[in-house]
Amino acid sequence: MKILGISAYYHDSAAAIIENGKVVVAVQEERFTRVKNDAQFPQKSIEFCLKETSLQLNELDAIVFYEKPLLKFERILQNYLSTAPFSLISFLTYMPNWLKEKLFLKQNIRKSLKEIDPSFDSKKCDLLFSEHHLSHAASAFFCSPFNSSLILVMDGVGEYATTSFFQGEGNQIVPLYEQHFPDSIGLLYSSITQFLGFEVNNGEYKIMGLAPYATEEDSLVIDYIQKIKDNLVTIYDDGSIQMNEKYFQYTKSLRMIHKRRFETLFGCPMRKSQDELTKIHAAIAQAIQKVTEEIVIKTIRFAQQKFPNKNLCLAGGVALNCVLNGKIKESNLFENIFIQPAAGDAGGSIGAALAVYYQHFQKERIPKEIDTLFLGPTYDDKEIKQLLVRKKLSFQELSQEELLNRMTNALVEGKVIGNFRGRMEFGPRALGNRSIIANPLHKNVQLQLNLKIKKRESFRPFAPILLMEDFEKYFDQKYESPYMLMVHQLKEEYRLPVKDESNIFQQVQQERSIFPGITHVDYSSRIQTVTNETSSFLNQILHQFKEKTKVGILINTSFNVKDEPIVCSPNDAINCFNSTEIDILVLNNFWIEKWNL
C-alpha cells in the first residue's frame, strides 16, 4: 500500500511517500525552491517523491493532507467574531486568501496534482485529511519503537489544539486531552521571539541559543520570570496555561504582541533585527526558556500520573527545543523517549500518511524505529563530474580511503570542509550528508564559522558530532542520540574557568573547554552521536580524527548560510562554497580546494 502525505500553506511544506508503513522518501519544498521555510504547495517535492519511487499518482492508494482546513477555518471565523470589531482589519486582510485558496483546499489540491500529472484521476485515489495534531502524533508514535506510549504534541496551533496528549497503542492513537487556542506555549515562545527581533516560525531556535548568555540565578532573569508568570501567562499545576490576552494581538490583528505593553513590562524597547544584543535580551530569552521548561515538565508529570506509561513520544514545533528535551530526559519521568526528528510541520507529511495507513486502513503494526532520515535526493558521480567540468572547476576524484585520509588531515590542520554525499536529510538538522564540518579544538573556530562562513549572529553555538562510545566520557550520557535533539552539559573535568563578561561578543571569545568550538557559554552542547550504523562515513572520519588528536569529536553544522535552506544539489553546494570561506568542498568522492578555483 502506497500513500502520499502532504503538508503545505503555512510554513515548511513537504511531501512524503510511505510504502506498507515504511517511510521511503520525504523532502521539504524549500530545498528545491531555495526559499527558506517555503509554505507553497510542494509541487517539486511531490514530483521528486514520485520519481524516486517510480510511481504515478494514479498508483497511490491515498493522498493525505496533514490537517483539516474547514475545521481550522471554523476556529479562525469564531475567533474573528469573538474579537470584533477590533479584528476587522485582520479579517479583511486574511479572509481573501482563505476564500480564494484555503477554504477550497480539496479542489485546489486536486488541481495542483493534475498539473503534476495530467492523467491524475481523483476517483482512483482517495484524497483524505488528517487533523493537525494527530498528524504530529502519528509522525512520532508510528516512527518510534514503542507498542504503547504517551504522545505529547505542542506547537503554536493546529485547528483548535495547541497542546495535545494522546495514547498510542499498537496501530491506534487515541486522544486523551488537549488545550485550545489562544492559550499556547508555542505562541508564547514565538511572541518573545518577535519582541527580541527574530522572525516568528524561523527564529525560535535563536532564542534557545541566546538564553545561556544569562543564567537562571541572575537577578534580572528571576525578575523577568516572575513578570512573565504574573502578567503574560498563568501556569496551573497540571501544566495547562491561560494567556493574558491584554498583552497579545494574535487573536485580533496581524501582529503577535501588544508592543507598548511588552516594552513597559520588560523595561526595554522592542528590538529591531539589526540592533545589538545585550544582557537584557539574553535575560528575557533565559526567562522564557525557563518558563517553557516549567510548563512542559508540569504537563508531562501530570500526564504520567494520570495515564501511567514508561514511554513518551514528542512532536510539534516545541519538540525542537533541544534544551527542553534534555531537561525532559534528565527528569527521569519516563524510561524511554522518542522525539520525531522532523517535529515541525514538515514532519506532518509523514505523520498524515502513517495515520491513514494504520487508522483508516487498519493495517497491522510491528513497532520499529524509523530506519533513516536520509530520505531526500542523491546525485551520482557521473552528474557531479559533468557539473564540475561544465563549471570549469579544478577537482580530484579520490578513492574512499584517500578521501578519508585527506579530510582527516585537513580537519586536524583547522580547515573547514563542506561535505556533500548520499541522500539528503529530512527535517531541520544536517546530519552529515549536507554538513559543514570542522575541528572543535581550535580557539576561534566558532567566530570563524559564524561570521565568515555561516554569515549569521556571532552568539550562535555549534553542535558536536561524536563517537557513541565517547558520549558518556564527555557528557555522562550513554543513549544513542543520532538526530541532534537533546542538549547536555559537558562534564566538569573538561571545562575551563572564564571571566564574567557583560558583553555578549566577548563571552563568545572566551575558551570554556578544551573543545571551544562545541561548548556553549553554559557548557552545554546539542549532541549528535555517530555509530557505524547511523553513518559509516562519519564514523570512519571520527575514528581517524581521534587517532590523530585523541578526541573523537567534530563540529557539524548545516551546509548553508543565514536565511538559506540547507543545500540540496551539487550546484547549491558549489554556490555556497564559492560565496563563503569554506576551505574544501567534498562532493561524493570529488575533492575541490578553494585555492584551485
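This is a predicted model: local features need pLDDT of at least 70, side-chain atom pairs count only at pLDDT 80 or more; totals for chains, interfaces and linings use all residues.

Reader: Which residues of α6 are buried, then?
Author: They are H132, H133, S135, H136, A137, A138, S139, A140 and F141.

Reader: What covers the buried residues of α6?
Author: The cover includes the strands β6 (148-154), β7 (161-169), β8 (172-180), β11 (311-315) and β12 (336-339), together with helix α13 (348-360).

Reader: And across the whole protein, what share of the residues is buried?
Author: Of the 597 residues, 61% are buried. The accessible surface comes to about 23,700 Å², and carbon and sulfur atoms account for 49% of that area.

Reader: Changing topic, how many helices and strands are there?
Author: The protein has 20 helices and 21 strands. Its radius of gyration is 24 Å, close to the 25 Å that the globule rule gives for 597 residues, so the protein is as compact as a globular protein of that length. Along the principal axes, the C-alpha atoms fill a box of roughly 65 × 65 × 45 Å.

Reader: What about contacts between residues at least 6 apart in sequence?
Author: Among those contacts, 71% join residues at least 24 apart.

Reader: Finally, how many positive and negative side chains does the protein have?
Author: There are 69 positive and 71 negative side chains, and the centres of the two sets lie 3 Å apart.

Technical notes:
Residues are numbered from 1 along each chain as its sequence is written. Side-chain values use heavy atoms; hydrogens and water are left out. Helices (H or I, at least four residues) and strands (E, at least two) are DSSP runs, numbered from the N terminus. The radius of gyration is taken over C-alpha atoms; the globule rule is 2.2 Å times the number of residues to the power 0.38. Buried means under 20% relative accessible area, exposed over 50%, partly exposed in between (1.4 Å probe, protein chains only). Contact means heavy atoms within 4.5 Å. Accessible areas come from the Shrake-Rupley method with a 1.4 Å probe; for residues, only the protein chains shown count as cover. Lys and Arg count as positive and Asp and Glu as negative; His and the chain ends are not counted. The place of a charge is taken as NZ of Lys, CZ of Arg, CG of Asp or CD of Glu.
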